[in-house]
Amino acid sequence: MLPVYILSLATFIVFFQGFMVAPLLPLLSEQFGTSARHVSFIEPAYLLGYGLFTLVYAPLSDRFGRFRIVAFCLIIFSLLTLLTAFVRGVDQMIFLRLLTGIGAAGIAPTTISWISDGYPYEKRGHALGIFFGNMAGGTAFGSSAGALITSVIGWQWLFIGVAGVALLIFFLIVMYQKNIFKEGGELAESNDNILLSFHGILSSRRARRTYFYVLLNGMFHGGIFAWLAYFFYKNYSLNEFQIGLALLGYGIPGLLLGPLLGRLADRYGRSRIIPLGLFLGSITVLLLSQNLSLTASCIIVALLSLGFDLSHPLFAAIITTFSSRKGAATGLFAFFLFSGYGLGSLGLSLIINVGLERAFQLYGAGVLIAAVFSVFVFRNER
């Protein structure tokens, strides 16, 4: 499993950078002299750019190899992250975040394709658990450590540091390239048109239903997480350092329990665990909207993360069975996931005028309904 851990580090740093800005909304709003709502668009810009271009990179990895796509995206990601440290206004940051999302879009879906290349379906949950554990860990430490580091050295040095770490991961992957990417085993045997591959996959009812849930769950978690920092700032008057500590629990369950959860899915079936993950996510957000104590809210945030860990890795395992063109299937998965992240963040920004707690309630109720239907939708995923 060492190659899985090494390759998953790239996804870790991408998600670290992707979500480290969420706790900084109040700070950036003051520094750039604009509203928190205006600054909040730096999150959907990154995620929508990422989501759209996964459709390009993942199928290309079938033709040109997994290593080339991962290496290219890491270099572009490092460069654009470094440039973001020198912006002079929020609109410049929004634009660079869009480009950074586009540049990094090939890493996660290509890694999922690589896992599906080397691990049979009945064992794929363990490897995907490690991968999504790193994704959740990047989200968690990005939001918490990002806020903590910013309180000490400033947000500009935070971006510079992340760019440096991404380059180190690039060199690590290059060093272990022969052990990670088996020569000759990563290129697609088929030269079918990519659009025809997408059409073939989506012609299946099972695929359409699964991708719909990927999009819905992505909207839910992306929207809620993008506003968690503001939630703690508004309701508990926390500063950047304290917000970082409050968000520390998000992603910890996945980082620690991801492989175990994957094994449970392999053993007991995804039909039982997916509805549980959706239900847990919806209940936690409904509880957050009740403005409980600070300690209770911090615990609930960790449980919200666990809801993600009980659903999204399982969706990823299912989609790898849709086509022999694994890059096309995982490209669609990443497209719906990150488009969901971006649309969820954007949607909550647009309805925030109804009140943060009310917006949380709307999101929580929607996913609660989806959790009930998921019992029937995924009843055959055993």
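Predicted model: local features only at pLDDT ≥ 70, side-chain atom pairs only at ≥ 80, totals over all residues.

Modeller: Residues are numbered from 1 along each chain as its sequence is written, and side-chain values use heavy atoms, with hydrogens and water left out.

Biologist: How many helices and how many strands does the protein have?

Modeller: Both are DSSP runs numbered from the N terminus: helices are H or I with at least four residues, strands are E with at least two. By that count the protein has zero strands and 20 helices.

Biologist: What is the radius of gyration of the protein?

Modeller: The radius is taken over C-alpha atoms, and the globule rule is 2.2 Å times the number of residues to the power 0.38. The C-alpha trace spans about 55 × 45 × 35 Å along its principal axes. For 382 residues, a compact globule would have a radius near 21 Å, and the protein agrees with that, at 19 Å.

Biologist: What percentage of the residues count as buried?

Modeller: Buried means under 20% relative accessible area, exposed over 50%, and partly exposed in between, using a 1.4 Å probe and protein chains only. Of the 382 residues, the buried share is 60%.

Biologist: Is threonine 11 buried or exposed?

Modeller: Threonine 11 has its place in helix 1 (residues 2-19). Contact means heavy atoms within 4.5 Å. Leaving aside neighbours within four places in sequence, threonine 11 is in contact with Ile107, Ala108, Thr111, Phe131 and Met135. Its relative accessible area is 1%, so threonine 11 is buried.

Biologist: Which residues is glycine 103 in contact with, leaving aside its neighbours within four places in sequence?

Modeller: Glycine 103 is found in helix 6 (residues 90-104), and its 3% relative accessibility makes it count as buried. Leucine 80 is 23 residues away in sequence, with 8.1 Å from C-alpha to C-alpha. With those sequence neighbours set aside, the contacts of glycine 103 are Tyr57, Cys73 and Ile76.

Biologist: How far apart in space are glycine 161 and serine 78, C-alpha to C-alpha?

Modeller: Glycine 161 belongs to helix 9 (residues 155-175) and counts as partly exposed, at 34% relative accessibility. In sequence, glycine 161 and serine 78 are 83 residues apart, while in space their C-alpha atoms are separated by 9.9 Å.

Biologist: Where is serine 237 found?

Modeller: Serine 237 is exposed, as its relative accessible area is 61%. Phi there is near 55 degrees, a positive value in a residue other than glycine. Serine 237 lies in the loop between helix 13 (228-236) and helix 14 (240-246).

Biologist: And what is the phi of asparagine 291?

Modeller: Asparagine 291 sits in the loop between helix 16 (270-288) and helix 17 (294-309). At 39% relative accessibility, asparagine 291 counts as partly exposed. Although asparagine 291 is not a glycine, its phi is positive, at about 55 degrees.
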